[in-house]
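Hi everyone, thanks for making time today.

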Amino acid sequence: MVGPLDGLVVVDASWGMPSAVSSMMLADYGARVIKLERPGGGHDENSAMRKSLDRGKWSVQADLRTDEGRRIAEQLLSTADVFIESFGSGRAKDFGLDYEAVHARHPELVYASVTGYGNEGPLAERPGYEALLNARLGQMAEQGGHRSGPIFMGHPTVSYGTAFITTIGILSALRARKLNGTGQKVDTSLLDGMLAISSMNWWWNEKDISYLARSGTQTGFGNKRLITDPFQCADGKWLTPHTGGPGSYKRMMDLLGFGDQTQTIDGPEMSVPLNDIELDIARNKVPEAFKSRNRDEWLEMFHAADIAALPLLHPEETFEDDQVKFAEIAIELPDEDHGTIRQIGPVIRFEKSKPATPTAAPRPGAHDTRIGEIARSPIWAPAPTEGSAVVSPLQGVKILDFSSYFATGFAARLLSDLGADVIKIEPLVGDQMRPLGDLFEGANRGKRNIALDMRTKEGQEIAHRLVADADVVLQNYRPGKAEKIGLGYEQLKAINPNLLYAYLPGFGSAGPKSSLKSFAPLVSGLVGLNFEGSGKGNPPIRRVIGNEDLYNGFLGAVTVLLGLHHRINTGEAQYVESPQLHSSLFVISEHSADLDGNAIPAHELDSEQNGWSPLYRLYKTSDGWICIAVFGDAAFGRLAVALNAADLATDERFATKAARVENADALADILGAAFAALDSAGAFKLLDDNKVPAEVPLDYPIMPELLWEEWALDSSRVVEHHHPEYGWSREVGMVIHLSDTPGRFKGGSPQLGQHSAEILAELGYSAGEVDSFMATVCKLPTVAVKES
């Protein structure tokens, strides 16, 4: 078996980065993905993006506007397990490929629709490009940059978020198909991807609890005893520290020379605000102190003091990192332009269902004559048995979440939303993230909770009883710690041979960085996201929207689902590993490098942070800004008409895509002058009336307002509930929409130990034993109990 998805057949008739990343993920882990594309390929047929995201796929050409093209599509669908499209409901019907028609012909097919804003709702007809969504929903105002005004987001976080939830939805629907016998529709969108990413930092609660200060004189962390900024060192190189570990803040101040002016805190440092002197040091003097030593000196000192810190690199530099080399994540593929290119390969590690190295991306139509070779594998056939029907895709799956902080808990929460029974096992003092309300809620809602002292024999015995009846264990301890408290893989496999053991550490179970602490956004900086978002030639920005905590949660959920599919198809349980580093590497998948280390970027943000190209960027207007997304000759012609510049379409410098790339600066100057003569509203009307994709960037994040939109509440994208600690709350709800077995909101995050007695009773302990344990290994310290 080559990968956990070996034998799965996927037909991908979509366009755009999110679905391309999703189907690349499926191909990476063994699926036969057939890219169904227009004759000659699309506008990206020779792009670096295609070389990365279409690796390992087949290419079959079909013009869906013709009878012959639709015949080819039908032939492929007759052998497929999954169909992916991004047409939107109107165009899908024109091709006879809408869900209702396809489901009637192929009821066993999982049908995934990936759109801009969903197929229903007030925004459904808006053009579905990430930059336009970033503009319309205020993410360009939320993303920090080197200038004022909206910032074009150099890192495509929404595309990756959408790709992750699409993959999670497809894998969930496949599990439901196995048990129920039929396929269903999976509906995801850029809007849902944006909401999924926003669930970490955006919510509303009546007590106004948040770990971030969004207004006032100290925004961000304010006077919290926490530093996670990039700092330039004496050699001009950059690093980012993180003082979130116990005692790390004081130890870092000692090393920087401010120890005599910094308090020693007995207990969690973040519980004591900085005084005025400490605040001035942290925000004003620390940056200068870092310039006194070279980066490598600081890193050596910090790691010796057990302070989290990592270098900030450009994406192409990441291939040379010692841990990346150790993990052998990079792959080398032949390339007609560069000889050989280096890419990030499959990033999840499987004990048994190991994937093969992907092949290079195909030329358009490379597999036109091989359609007859495609056959559906019986291993993926629906196999319903009496009593196996499910109403949620992960119904009947029990997951034990032994994690701390956000990433692994977020993975378990996504699976809980899809029907899994997730039990969070916390130490008696609680997860260190509990004081950070929005973070804890985003990672732990819908779970049950038991508090255990895992340092005791009795606590380990209870944990082992839980393991005996579980399907999945998730943990993210640093290597070696799980074994010390009886939670190592070999220890738990002896108890439950059918257990899927998912390990989501910072850097991996072994290797030169495996023992280091891992906090967001350090790993994001290591893989180049801060430079990706900064613009050509600029210093790194403080952080990009989207980070390794979110990405590791998404990839962790994918990892568990892949492991469950391998188990249901083969009967084999196994160990799987998906570190934060690996998930962060995955989100630079579109970028490559040659063997000399030179970057082959799929896109590059300009130095002004306006965009990736003259036709996918921001322009200044007379009173603000406009964002455009113009792809293909037809759209370029409509742009010329909208701007009353017919000569633009006939100018030889811009007659073809290649010519427009060659003369990009000249084109940007012409468009810049045209938009500068218009106000934003006027520019938008001209463009929109001529069907040129465009939006006026909002100058504030829309998220707080979006939580109060009734259509968002009606579609379950937003949920409202009363939490015993936070009061009435609104937060991001369901972002993966399954037509027949939908996920559901199961309530807010649990209080510490809320279900301890209930879970102990389920494990078969007598009433007397439950009372005894509640007074000992499950007894909460008085200080840990919060008033509701």
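Let's begin at S78, which touches H106 and R376, leaving aside residues up to four places away in sequence. Please keep in mind as we go that this is a predicted model. S78 sits in the loop that runs between α3 (67-77) and β4 (82-85). Is S78 buried, exposed or partly exposed? Its relative accessibility is 37%, so S78 counts as partly exposed. The side chain of S78 also has a polar atom 2.6 Å from the backbone oxygen of Q75. And if you look for R105, 27 residues away along the chain, you'll find that its C-alpha atom is separated from that of S78 by 8.7 Å.

Now let's move to a helix residue, V558. You'll find V558 in helix α21, which covers residues 548-570. With a relative accessibility of 1%, V558 counts as buried, because the cut-off for buried is under 20%. What does V558 touch? Not counting residues up to four places away in sequence, the partners are M25, F164, T167, I168, L171 and I348.

S22 belongs to helix α1, residues 17-28. Its relative accessibility is 0%, so S22 counts as buried.

While we are on helices, have a look at α9, residues 190-198. Why can we call helix α9 largely enclosed by the rest of the structure? Because 9 of its 9 residues are buried. Among them are L190, D192, G193, M194 and S198.

Next, some backbone details in loops. The peptide bond from A520 to P521 is cis, and its omega is near 5°. P521 is placed in the loop between β18 (500-503) and α19 (522-526).

Y405 is not a glycine, but it has a positive phi of about 65°. You can find Y405 in the loop between β14 (398-401) and α14 (407-417), and at 26% relative accessibility it counts as partly exposed. Q609, also not a glycine, has a positive phi of about 60°. It is in the loop between β21 (599-600) and β22 (611-613). Q609 is buried, with a relative accessible area of 1%.

Let's zoom out to the whole chain. How many helices and strands does the protein chain have? There are 31 helices and 28 strands. The C-alpha atoms fill a box of roughly 80 × 70 × 50 Å along the principal axes. For 788 residues, a compact globule would have a radius of gyration near 28 Å, and the chain's 26 Å agrees with that. Buried residues account for 60% of the 788.

Contacts across the sequence are worth a mention too: of those between residues at least 6 apart, 75% join residues at least 24 apart. As for the surface, the chain exposes about 29600 Å², with carbon and sulfur atoms supplying 50% of it. Finally, the chain carries 74 positive and 104 negative side chains, and the centres of those two sets lie 2 Å apart.

How values were computed. Residues numbered from 1 in each chain as written. Heavy atoms only, no water. Buried < 20%, exposed > 50% of the residue type's maximum accessible area, 1.4 Å probe, protein only. Helix = DSSP H or I, 4+ residues; strand = E, 2+ residues; numbered from the N terminus. Rg over C-alpha atoms; globule rule 2.2 N^0.38 Å. Contact = heavy atoms within 4.5 Å. Areas by Shrake-Rupley, 256 points an atom, 1.4 Å probe, with all protein chains shown as cover. Lys, Arg positive; Asp, Glu negative; His and termini not counted. Charge placed at Lys NZ, Arg CZ, Asp CG, Glu CD. Polar contact = N/O pair within 3.5 Å; in protein donor to acceptor, adjacent residues only side chain to side chain.
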